[in-house]
Amino acid sequence: MKQSVATAEVLWSTMKTGSEPAFKALYDTYIQDLFLYTSRITNNKELIEDSIQDLFVELWKSRENLPHVKSVKFYLFKRIKRKVIRKLIESRKLPLSRNILEDYDFEIVFSRETELINRQITQEKQQRLLKSLNKLTRRQKEAITLRFFDGLPNTEIAALLAMSPKSVRNLIYRAMITLKDEMSLVLLLSLFEL
């Protein structure tokens with residue numbers, strides 16, 4: 001069940017006052033989005049589940065001190081991304097470097113809902129699309145996913161990627177050009193298969 005931004009803000013504020021039903025509703029609303037988002041960073045299901053669990057435990061314990069947020073989804077994405085990357089570093093799955101937020105891998109996967117909606121697309125064409133998406137740079141894949149699959153605005157994507165909104169706009173534009181060229185080839189090849 002998806003919540004509107006306004007409803008999510010009300011749940012957030014209510015949760016901060018100690019409402020367990022509001023906390024549970026936030027968890028139920030965002031658990032799938034958080035799992036899908038972090039599964040693009042790592043395929044370690046146990047690490048992902050632990051990170052999400054830790055995040056919600058921390059939220060509950062510090063609920064009275066949490067900031068007022070305009071976008072609950074953005075706030076949760078930002079917190080979970082840091083938490084997963086920290087755990088990857090601790091487990092030595094990610095090398096230490098100066099700019100750790102640049103060194104993780106980001107893989108695009110289709111969610112269960114997307115798979116159901118696109119059931120009419122043949123497996124081969126879906127694999128070609130996925131292959132085309134994964135030819136993009138890591139930052140392009142992440143920006144495209146955050147924008148079109150997760151519905152975040154460019155300003156929030158910019159904050160997650162430590163870029164300016166204008167740079168995000170340019171990044172998405174360049175990614176769309178690449179995808180257009182890639183998919184034109186896929187469409188051309190599929191015409192010859194008829």
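**Figure 1. Buried residues of helix α8.** In this predicted model, Asn154, Glu156, Ile157, Ala158, Leu160 and Leu161 of α8 are buried. Buried means under 20% relative accessible area, exposed means over 50%, and partly exposed lies in between (1.4 Å probe, protein chains only). Helices (H or I, at least four residues) and strands (E, at least two) are DSSP runs, numbered from the N terminus. Six of the eight residues of α8 are buried, so the helix is largely enclosed by the rest of the structure. Just after α8, Ala162 takes a positive phi of about 55°.

Residues are numbered from 1 along each chain as its sequence is written, and side-chain values use heavy atoms, with hydrogens and water left out. Local features need pLDDT of at least 70, side-chain atom pairs count only at pLDDT 80 or more, and totals for chains, interfaces and linings use all residues.

Figure 2. Asn154 sits in helix α8. Its relative accessible area is 18%, so Asn154 counts as buried. Contact means heavy atoms within 4.5 Å. Leaving aside residues up to four places away in sequence, Asn154 touches Arg147, Pro165, Val168, Arg169 and Ile172.

**Figure 3. The largest nonpolar core.** A nonpolar core is a set of buried Ala, Val, Leu, Ile, Met, Phe, Trp, Tyr and Cys residues joined through side-chain atoms within 4.5 Å. The largest one has 43 residues, and Trp12, Leu34, Leu59, Val72, Leu76 and Ile157 touch the most other members. Two or more residues come from each of α1 (5-16), α2 (20-39), α3 (45-61), α4 (72-90), α7 (138-149), α8 (154-161) and α9. Helix α4 gives the most, with eight residues. Leu76 touches Trp12, Tyr30, Leu34, Leu55, Phe56 and Leu59, not counting residues up to four places away in sequence. In soluble globular proteins, nonpolar side chains tend to be buried together.

Figure 4. A salt bridge is a side-chain nitrogen of Lys or Arg within 4 Å of a carboxyl oxygen of Asp or Glu. The structure holds eight salt bridges. In one of the eight, the side chains of Asp150 and Arg40 meet at 2.7 Å, N to O. Asp150 lies in the loop between α7 and α8, and Arg40 in the loop between α2 and α3, so the pair ties together parts that are 110 residues apart in sequence. Asp150 and Arg40 are both buried.

**Figure 5. The salt bridge between Lys83 and Glu58.** The closest N and O atoms of Lys83 and Glu58 are 2.7 Å apart in this salt bridge. Lys83 lies in helix α4 and Glu58 in helix α3, so the pair ties together parts that are 25 residues apart in sequence. Lys83 is buried, with a relative accessible area of 8%. Glu58 is partly exposed, at 32% relative accessibility.

**Figure 6. The salt bridge between Glu142 and Arg138.** Here the closest N and O atoms of Glu142 and Arg138 are 3.0 Å apart. Both residues lie in helix α7, four residues apart, about one turn of the helix. An α-helix has 3.6 residues a turn, so residues three or four places apart point the same way. Glu142 is buried at 0% relative accessibility. Arg138 is buried too, with a relative accessible area of 12%. Elsewhere, salt bridges that share partners join Glu58, Arg79 and Lys83 into one network.

**Figure 7. A nonpolar patch on the surface.** Phe148, Phe149 and Met176 form this patch, with about 290 Å² of accessible area together. Patches are made of residues with over 30% relative accessible area and no salt bridge; like charges are joined within 9 Å, nonpolar side chains (Val, Leu, Ile, Met, Phe, Trp, Tyr) within 5 Å. Accessible areas come from the Shrake-Rupley method with a 1.4 Å probe; for residues, only the protein chains shown count as cover. Met176 lies in helix α9 (residues 165-192). At a relative accessible area of 39%, Met176 is partly exposed.

**Figure 8. Confidence along the chain.** pLDDT is the predictor's confidence in each residue, from 0 to 100. The chain averages 81, and 74% of the residues score at least 70. Among the elements, helix α5 (residues 112-117) has the lowest mean pLDDT (57) and α3 the highest (95). Over residues 96-101 the pLDDT is below 50; beyond near neighbours in sequence, this stretch has eight contacts in the model. Where pLDDT is low, the predicted coordinates should not be read in detail.
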